[in-house]
Amino acid sequence: MAMAGLSFLYPWVLAGLAALPLLWLLLRVTPPAPRLIRFPPARFLADILPEESTPRHTPWWILLMRILAAALIILALAQPVLNRAQDLPGTGPIHVLIDNGWASSQTWPAQISTAADIIARAGRQDRNLYIHALASEIGLQAAPDALTATQARAILDGLRPHPWPIDCTGLRIEPEGQVFFLSSGIEGSDCAPLLRTQKNAIFMTPGRDRLPLLLRPDTALPTGGVSHTVLIDTPPGSMPGIPVTVTVNAANGRILDSQDVTTGATKTSVSFSLPAPLRSQAASIRIAGRRSAGAVLILDSSHQRKTVGIAAPPGSEDSAPLTEAAHYIRQALEPTADIIAGSVADLLNKKPPVIILPDIGALPPADLHSLDAWVKDGGLLLRFAGPAMTKADNFLTPVPLRSGSRVLEGSMTWDKAAGLAPFPDHSPFAGLSLSDAITVKRQILADPVEGIENMTWAALSDGTPLITARSEGRGLLVLFHTTATPEWSSLALSGLFVKMLERTIGLAGQPAETIQSAGLFQPVSVLDGYGAAVNPPPDLKPVPVDELAKATPSAQTPPGLYGRAGETVALNMGERLPSLRAPESGGASVINYGADAAERHFMPLLLTVAGIIWAADWLVMMALGGGLFLNRYGRIAGLVFLFFMGLPSLAAQADDAALAGSFHLAYVRTGLSSIDMMTAQGLESVAQTLTRRTSIEPGGVVAVDPARDELSFFPLIYWPVSTQSAPPDDEMLRHVQSYLDHGGTILFDTGGRTGADESLRTITSGLNIPPLIQISDNHVLKKSFYLLKDFPSGFGGSFWVEQKSLNGRDGVSSVMIADQDWGQLWASQTGGRSPELAQRFGVNLVMYALTGNYKADQVHVPYILERLGQ
Amino acid sequence: MNLPLLRRRADRDSAGLPPLRPAAEKAVQSVLSGNHSLRRAGMGEKFWQYRDYDPADRPQDIDWRASARSDRIFVREKEKQTPQTILFWCASHPGMDYAGVRGQSTKHETAATLSLALALMAVRGGERVGLLNGAGGAPGHGENLLQDMEKFWRADRAPDALPPLALSFPRHATLVMAGDFWEPAEEIDECLGAWGDRTRGGLMIQVLDPSELDLPFAGRIIFENPRTADERYHILNAAAVRADYRQKIEDHIAALRALCRRHEWSYILHRTDQPLRETLTTAARMMATDDRR
């Protein structure tokens, strides 16, 4: 039984509609029961009785209501469904193969709802079900039991994505039946051959715009102060231009840096430039919003503070430190790296990621060979030129060197000492500022070989290379063509030298071969299928070092952080997985998730309407049968009914109670994830500051929608105005106006974004706001907690408050307008004075909103003092 | 189920009425009491008047002390006092158990309390009291009799709306009848007429519930006569018939008054929401005027 997409699951129930006329007759002749009253003088009512002896008919509209309610209940029991799914194809049992591997957490809802749909349809046809989860902890079950729809549903509810790839090896489809493969859009091993053996298999996959993303570390050499580079890997066939936000997180989840990018056709590179102190805090890089183990890169100890070895005999710096290169290098690197010193042979035993050779021209062949092997294994060898290197030995140098040195300024030359040329773009030093004071008097010249421009990281102003670098194996050779002492150049005395060394050291990776090649690594924390770090399960065994190095994520080695004393190694999906492949359907017909319109069930709606009609009928009967003279039971029934009607609003009130229970900082959701995230973070930071320094302890940060949410809980609302925010409608304006009229305070912040002024104007044009002026020097806001002298000038923006606060507002301006993007200022963690001042302003702002003119008398302090003086 | 409540109901049903005496005593206290002085010379204890000696008088009736003050000879006359017999009847048929508002006194309770209070007053006034049906024994003025009367009324469940016509009771007694008297006026007339020659008149106290007078109901109601369960009246909208009903009730009450006048009875209408005191005062006054007649 189907009409225009609407069909009934149990059409035979509709036969009950035939009984409706009978109901009509029954209802028609049965009047509503009258009340019986035992009344002594009843006799006197005898003659007043009208002559009508037949029972009165129920009013036709009551009849209609009841018939309608009955009809609705019958219709509801017949379970009408819009877009009813067709019967499942094929015959025999249904096999549902679910990809619950690492990629599936990004497509999980679609997979699960499709699976639930298939199970429901199979249940209607009474077909047996087999559910095969392709990424299992205990390996695939060769012959799972046949399930009913209910059992299958229970198993489906228990399925979770696992953080490892799927594997169809060993899976057998028995007994023969209809196969549904619910893919996440990434090919798993041995799955295509399996599908090829099945006839009429149906392969379901996410659409081109929904395919999962994988975050990989970028192995290319970073340049220009870049600290971390990652690649967003998209499977082939994925639609380019998907906007994603990549964040660098500290161990406690704090966002250190974030970048918005749109994906390209296959790989998209994202680079972060974190300052050194933050760099060591970075614990993971994530694709925000993609809850998946594949969207997380855990940073292990190789990304943290590096150990640098300086090849200098211990104690050599003690006698005459200012002439020793090791002294200058140590001074430069001390804040950012751990430094060990010793002979080359000693250093090679400890295998630090970086070894610095200051002015060492020749080495014993054994050391040279092991040094060469170490570099090729991933070490970073940083060499400084000097008198000892003028012999033109070209072993372990980025470029061939000429013998001798070029003297630019000396008694025998007319040349002036040369300055540095701007750094080329491919150089890691790009972006560092140069000083004229840096001059080079002497250097070792490189032999101009082909491609030397690309190997040059820094050159003198006349173009001769000063710093050259070359990859060697997996390692890197870097040569400063001058000394690390001020002997040949003033470079070693400049701040630039420090930054250059920092950036160079930052390029070092962990040599693949760790200090000890034997031993076990304990899992420290592992990722679950959704990319959240969890404690490792107790039955997870430690992993031998050599196995860990080549392990791919699996149930035995889930992605996560493995470690032992002082050293951690990350096992990341992105590092270990081969390049992504689009899944092969193996001849099966391919259907995208959500291609069919979803079934819509009308039973709840119909039952609700029938219930409402019944309630209305009840009220009408109460009104007719005794002027709402409710007896006790009627009252109870009414209360029960009203209670159930009131339940949803009770639920809403519970939420409100939490908001009203304590003070929350609120901001208006712009819908732009970058602004919202930043604002939430900023307010969170202000909340922390408030809790730490003042008696205000905010209960949290709440995002509100001014059009819908109840605003009255919030004394202060921060409203970042963005051009993308939806234009205000009347309802929202009324809401906001009412909030302002009843004592609320809103800080609008255009953030200096282009066009935001215009958006702000469209909002405020509909609001009744008193005239605003630029904040005066003695405004309370500048003294409500901290004395802010250089506000707002110190932040390079302007700040507007009400010229004269309305009565009853305690001097608090209802509207404030800023253009500094306070959300971001509050959120920024980078050192210096400005974040502190921003926090102070935040504290003042909240204090101002809460205490009003409490501190206003301080405004008059100068006058009071003056008067006292007289 | 609420056991104490059940117990109370059972007690109440078995005992009929709660103790009437306290309420009756309380009501009596507030009403003046006294002997039914006839205010004429006769056999009595109290001095009534002096009058000149008449030769027909007995010499021992001469009040020598008064006569000595003047030349005339006075005879001291005493007031005539005749103790009355007052017989009480109180309706107890099922219709009397009606109370329009839950928790208010039923008509039966009110009527019995009123009767007992009147009996108390009469005993204090020196009269003899008794029950019309002779249940408590011969009329008298003892405490035992009063207690028996109270006991009888509390337990009485007689289904009749009026006392039986063929009832033997002492002659020249005053009757006090309390009930709702919803019977047709003709029946009541017949009843009073049957006894008329044997009584010295009487007092009819019609005890009514306010809702019986006002019919405060609305909507569709079936009214059932509690005395005869098959007597039902289906009213579609009680509010609509209210005016007609009141008219008929007023007519009935007027008829009762008329027939009381005709039989030289007094009539009092008592609503159960009224204080007993007013009705008792009126009743006492009426019985006093009865005496003087």
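Which residues do ring pairs link into a cluster? In this predicted model, the cluster consists of Phe39(A), Tyr98(B), Phe217(B), Phe223(B) and Tyr245(B). The following paragraphs begin with the meeting of chain A and chain B and then turn to other aromatic rings.

The size of an interface is often given as the accessible area lost when the parts come together. For chain A and chain B, the area buried between them is about 2600 Å², and 68% of it lies on carbon and sulfur atoms. On the side of chain A, the residues that lose the most area to chain B are Phe39(A), Pro40(A) and Phe44(A), which together account for 25% of what that side buries. In terms of contacts, 22 residues of chain A touch 32 residues of chain B.

Polar and charged groups also take part in this interface. Seven residue pairs are in polar contact between chain A and chain B, counting pairs in which both residues have pLDDT 80 or more. The strand β3(A) gives the most to the side of chain A that touches chain B, contributing four residues. One salt bridge is found across the interface. Arg38(A) forms a salt bridge with Glu224(B), and their closest N and O atoms are 3.0 Å apart.

A pair of aromatic rings is described by the distance of the centres and the angle of the planes. Over all chains, the count comes to 24 aromatic pairs. One of them joins Phe39(A) and Tyr98(B): the centres are 5.7 Å apart and the planes stand at 85°, an edge-to-face arrangement. This pair crosses between chains, since Phe39(A) belongs to the loop between β3 (35–38) and α2 (60–77) of chain A, while Tyr98(B) belongs to the loop between β3 (85–90) and α4 (107–124) of chain B. Phe39(A) has a relative accessible area of 0% and is therefore buried. Tyr98(B), at 10% relative accessibility, is also under the 20% limit and so counts as buried.

A second pair lies within chain A. Phe181(A) and Phe203(A) are stacked, with 5.1 Å from centre to centre and 15° between the planes. The pair links distant parts of the chain, 22 residues apart: Phe181(A) is in strand β7 (residues 178–182) and Phe203(A) is in strand β8 (residues 202–205). Phe181(A) counts as buried because its relative accessibility is 2%, and Phe203(A) counts as buried because its value is 3%.

Finally, aromatic rings in chain A also meet arginine side chains. Arg291(A) lies over the face of Tyr530(A), 4.5 Å from the ring centre. Arg840(A) lies over the face of Tyr786(A), at 4.7 Å from the ring centre.

Definitions and conventions: Residues are numbered from 1 along each chain as its sequence is written. Chains are lettered from A and ligands numbered from 1 in the order in which they are written. This is a predicted model: local features need pLDDT of at least 70, side-chain atom pairs count only at pLDDT 80 or more; totals for chains, interfaces and linings use all residues. Side-chain values use heavy atoms; hydrogens and water are left out. Rings of Phe, Tyr and Trp (its six-membered ring) pair if their centres lie within 6.5 Å; planes under 30 degrees apart count as stacked, over 60 as edge-to-face and the rest as tilted. Helices (H or I, at least four residues) and strands (E, at least two) are DSSP runs, numbered from the N terminus. Buried means under 20% relative accessible area, exposed over 50%, partly exposed in between (1.4 Å probe, protein chains only). A charge sits over a ring if NZ of Lys or CZ of Arg is within 6 Å of the ring centre and within 35 degrees of the ring normal. Contact means heavy atoms within 4.5 Å. Buried area is the accessible area (1.4 Å probe) that two parts lose on being put together, summed over both. A salt bridge is a side-chain nitrogen of Lys or Arg within 4 Å of a carboxyl oxygen of Asp or Glu. A polar contact is a pair of N or O atoms within 3.5 Å; within protein, one must be able to donate a hydrogen and the other to accept it, and residues adjacent in sequence count only if both atoms are side-chain atoms.
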